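Trainee: I would like to learn how to read helix packing. Please go through it step by step.

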Amino acid sequence: MTIFEQMLSKYEMKTKDQKRNATHEVMQEIALAGLSRGGFFDKAAFYGGTCLRIFHNLPRFSEDMDFSLIRKDEEFDLENYFPSIIDEFKASGRDVVINKKEKKAETKVESAFLKDNTIIYDVKFNTEKDLKIKIEVDIDPPLGFTTEQKLILMPFSFMTNCFTLPDLYAGKMHALLFRKWKTRIKGRDWYDFQWYVKNNVPLNFSHLQIRTKEFNDMNIDKESFLTMLKERLSSTDINKVKQDVIPFIQNPKELDIWSIDYFLLLADRIKFL
């Protein structure tokens, strides 16, 4: 059994979605191992839903890997770390190719909170090109966040530099407020928002303010933030929100309580750092 197969064997894979989600997560963990071995985390930190899933047991799967440099560096080149990623996959028993993702005209519309100079790459299997993970690195990031070292045990024991939970929360609320949808609402933002509230995580509002100023040229206080959030929640088709999340979770029944009113009540329970 290869290391990849060994890592995959810990998952339940009775359905196509379960197998795809498990494969993505193993790919993500091996990519993290390669980045760590290459020294990437001396310069960067992991954030976003995949970070929350892998290191904080978020009960939903995630597709993309989001990273931020610790300090702005316009000369940063992720391709310097490709050999380490490719070698780690090879050691696990799989061959991958890494391609730069060409930004389409609609990218700015779909991801209005991503800067033009955000680097995006796809990591794919040589034999199964439809299975891929997307890696994004912000080389000119909003600062004002803190990081912590988190341990992962497979494919070997290593440390990953991650945003702390209050700063992860700030990034998620920024996405929930400003992410632009074209055809598909990213209900996973709603799912993560619920997770932060349920787990009593405080929101680092100062980091959210920095992100909002840099990405959206907007100054917000707590009152205006809550007003914007409730307007966003109230104007969304909750059924489309649910449809987006269902492929990424084990038990769709946990969405039965979801309604606009439910999320508005969650907004009233946000704790600020």
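Mentor: Contact means heavy atoms within 4.5 Å. Helices are DSSP runs (H or I, at least four residues), numbered from the N terminus. This is a predicted model, in which local features need pLDDT of at least 70, side-chain atom pairs count only at pLDDT 80 or more, and totals for chains, interfaces and linings use all residues. Residues are numbered from 1 along each chain as its sequence is written, and side-chain values use heavy atoms, with hydrogens and water left out.

Trainee: Which residues of α2 and α3 meet?

Mentor: Glu25, Gln28, Glu29 and Leu32 of α2 meet Thr50, Arg53, Ile54 and Phe55 of α3.

Trainee: At what angle do α2 and α3 pack?

Mentor: Axes are lines fitted to C-alpha atoms, for helices over the stretch in contact, and angles run from 0 to 180 degrees between N-to-C directions. Here α2 and helix α3 (residues 49-56) pack at about 90 degrees, with axes 11 Å apart. Angles of 65 to 115 degrees count as roughly perpendicular, under 35 as roughly parallel, over 145 as roughly antiparallel and the rest as oblique. α2 is therefore roughly perpendicular to α3.

Trainee: At what angle do the axes of α7 and α11 cross?

Mentor: The axes of helix α7 (residues 188-198) and helix α11 (residues 260-267) cross at roughly 45 degrees and come within 10 Å. α7 and α11 are therefore oblique to each other. Trp190, Phe193, Gln194, Val197 and Lys198 of α7 make the contact with Tyr262, Phe263, Leu266 and Ala267 of α11.

Trainee: Which residues is Phe40 in contact with, leaving aside neighbours within four places in sequence?

Mentor: Phe40 is in contact with Leu35, Phe67, Phe76, Leu78, Tyr81 and Val137.

Note on methods. Helices (H or I, at least four residues) and strands (E, at least two) are DSSP runs, numbered from the N terminus.
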